[in-house]
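Here is a short briefing on one protein chain. Please look over the sequence and structure, then read the notes by topic.

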Amino acid sequence: MTTHITSGSAVLEARGFCKSLGGKRILNDVSLRVNKGEMKVLIGPSGAGKSTFLQCINYLIPPDEGVLFLNGTPVAPSVKRELYALRERVGMIFQDFNLFDHLTVQENVSIALVKVKGMNRGAAALRAMEELERVGLSRRASVYPAQLSGGQKQRVAIARALAMDPEVILLDEPTSALDPELVGEVSAVIRELARGGMTMILATHQMEFARALATEILFMDRGEIIERGAPAELLASGGNTRTRAFFCKLAAEEGAC
Ligand SMILES: Nc1ncnc2c1ncn2[C@@H]1O[C@H](COP(=O)(O)OP(=O)(O)OP(=O)(O)O)[C@@H](O)[C@H]1O
Ligand SMILES: [Mg+2]
């Protein structure tokens with residue numbers, strides 16, 4: 001019983017994560033909890049450690065220190081089987097899509113269902129089509145990624161993550177590699193997921209999006225979370241937070257704020 005430490009109703013909790021890379025401290029005691037249906041948004045300057053933190057949560061990079069809890073149970077994958085099990089439960093969306101170029105859209109979504117979940121090909125193909133329908137791409141199922149726009153590629157990546165039935169999805173700047181006119185279609189899919197109760201942790205520079213959707217904003221700088229709170233609290237007009245200063249700096253580039 002001693003190893004089963006409850007964390008309230010948190011679907012995922014990262015507690016006290018530290019990471020050094022190349023002799024440099026990249027994460028310094030970073031913690032986060034996310035409850036079912038919440039969206040936590042990581043913001044902060046380039047190099048703050050947002051991507052490193054998300055990759056540590058998914059054990060793409062194992063943290064040096066800290067404990068990951070899923071539904072209150074500590075998880076410390078050390079062998080491949082455990083890593084795969086973790087990544088089934090915690091999906092990840094990358095900035096640059098990470099699709100398999102030699103597979104069709106549908107195969108990109110169904111391959112892990114066959115190889116990881118052990119589903120038969122027919123059932124996996126059906127499930128893939130359902131997820132592609134959800135992101136509005138069922139009609140592109142038989143094409144290859146090279147034939148898609150960036151926004152479409154990212155929607156395939158989202159469908160692929162959803163097909164695994166994850167408990168949480170981590171999104172690392174899912175729209176920052178996209179041409180401005182393609183951002184909206186991906187944002188709309190993420191907004192729909194939030195509305196549907198998906199639990200998510202999102203790193204983004206899209207401040208308006210963060211303001212509209214975040215349950216909580218976490219402002220990172222130099223490997224630490226230095227502010228956290230509800231968007232209304234951190235972004236209140238006339239407020240004096242680092243988050244608001246950062247927001248205004250980005251907004252000033254667009255002539256707002
Ligand atoms: N493999 C590595 N070796 C050494 N330093 C690294 C390595 N990977 C990342 N870093 C450093 O870690 C710091 C945090 O990087 P990270 O990519 O997590 O920041 P970020 O907040 O995601 O930034 P951005 O907003 O630009 O995506 C940076 O200073 C980066 O140079
Ligand atoms: Mg990053």
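Ala124 sits in helix H4, residues 121-134. Helices (H or I, at least four residues) and strands (E, at least two) are DSSP runs, numbered from the N terminus. This is a predicted model, in which local features need pLDDT of at least 70, side-chain atom pairs count only at pLDDT 80 or more, and totals for chains, interfaces and linings use all residues. Residues are numbered from 1 along each chain as its sequence is written, chains are lettered from A and ligands numbered from 1 in the order in which they are written, and side-chain values use heavy atoms, with hydrogens and water left out.

- Ala124 counts as buried because its relative accessibility is 0%. Buried means under 20% relative accessible area, exposed over 50%, and partly exposed in between (1.4 Å probe, protein chains only).
- Beyond its neighbours within four places in sequence, Ala124 is in contact with Ser110, Leu113, Val114 and Met119. Contact means heavy atoms within 4.5 Å.
- Phe246 is 122 residues from Ala124 along the chain, and their C-alpha atoms are separated by 44 Å.

**The whole chain**

- The protein chain has 9 helices and 10 strands. Its radius of gyration is 18 Å, close to the 18 Å from the globule rule for 257 residues, so the chain is as compact as a globular protein of that length. The radius is taken over C-alpha atoms, and the rule is 2.2 Å times the number of residues to the power 0.38.
- Along the principal axes, the C-alpha atoms fill a box of roughly 55 × 55 × 35 Å.
- Of the 257 residues, 51% count as buried.
- Take the contacts between residues at least 6 apart in sequence: 66% of them join residues at least 24 apart.
- The chain exposes about 12200 Å², and carbon and sulfur atoms supply 50% of that area. Accessible areas come from the Shrake-Rupley method with a 1.4 Å probe; for residues, only the protein chains shown count as cover.
- There are 30 positive and 29 negative charges, and their mean positions are 3 Å apart. Lys and Arg count as positive and Asp and Glu as negative, while His and the chain ends are not counted. Each charge is placed at NZ of Lys, CZ of Arg, CG of Asp or CD of Glu.

**Cysteines**

- A disulfide is a covalent bond between the sulfur atoms of two cysteines. Here a disulfide is a pair of cysteine sulfur atoms within 2.5 Å. By this rule the count comes to 0 disulfides.
- Cys18 is in no disulfide; its nearest cysteine sulfur belongs to Cys56, 9.6 Å away.
- Cys56 is likewise in no disulfide, with the sulfur of Cys18 as its nearest cysteine sulfur.
- Cys18 counts as buried because its relative accessibility is 4%. Cys56 is buried too, with a relative accessible area of 0%.

- The buried residues in H1 are Lys50, Thr52, Phe53, Leu54, Cys56 and Ile57.
- Tyr59 follows H1 and has a positive phi, near 60°. Tyr59 lies in the loop between H1 and strand E4 (65-70).
- Tyr59 counts as buried because its relative accessibility is 12%.

**Asp29 in strand E2**

- Asp29 lies in strand E2, residues 24-35. Its phi is near 60°, a positive value in a residue other than glycine.
- Asp29 counts as exposed because its relative accessibility is 53%.

**Glu167 and Val168**

- Glu167 is in the loop between helix H5 (150-163) and E7. Val168 lies in strand E7, residues 168-172.
- Glu167 counts as partly exposed, at 28% relative accessibility. Val168 is buried, with a relative accessible area of 0%.
- Leaving aside neighbours within four places in sequence, Glu167 is in contact with Val11, Asn71, Arg89 and Thr199.
- With residues up to four places away not counted, Val168 touches Val11, Leu12, Arg89, Val90, Gly91, Thr199 and Ile201.
- Glu167 and Asn71 are 96 residues apart in sequence, yet 9.4 Å apart in space, C-alpha to C-alpha.
- Val168 and Glu88 are 80 residues apart in sequence and 9.4 Å apart in space, again C-alpha to C-alpha.
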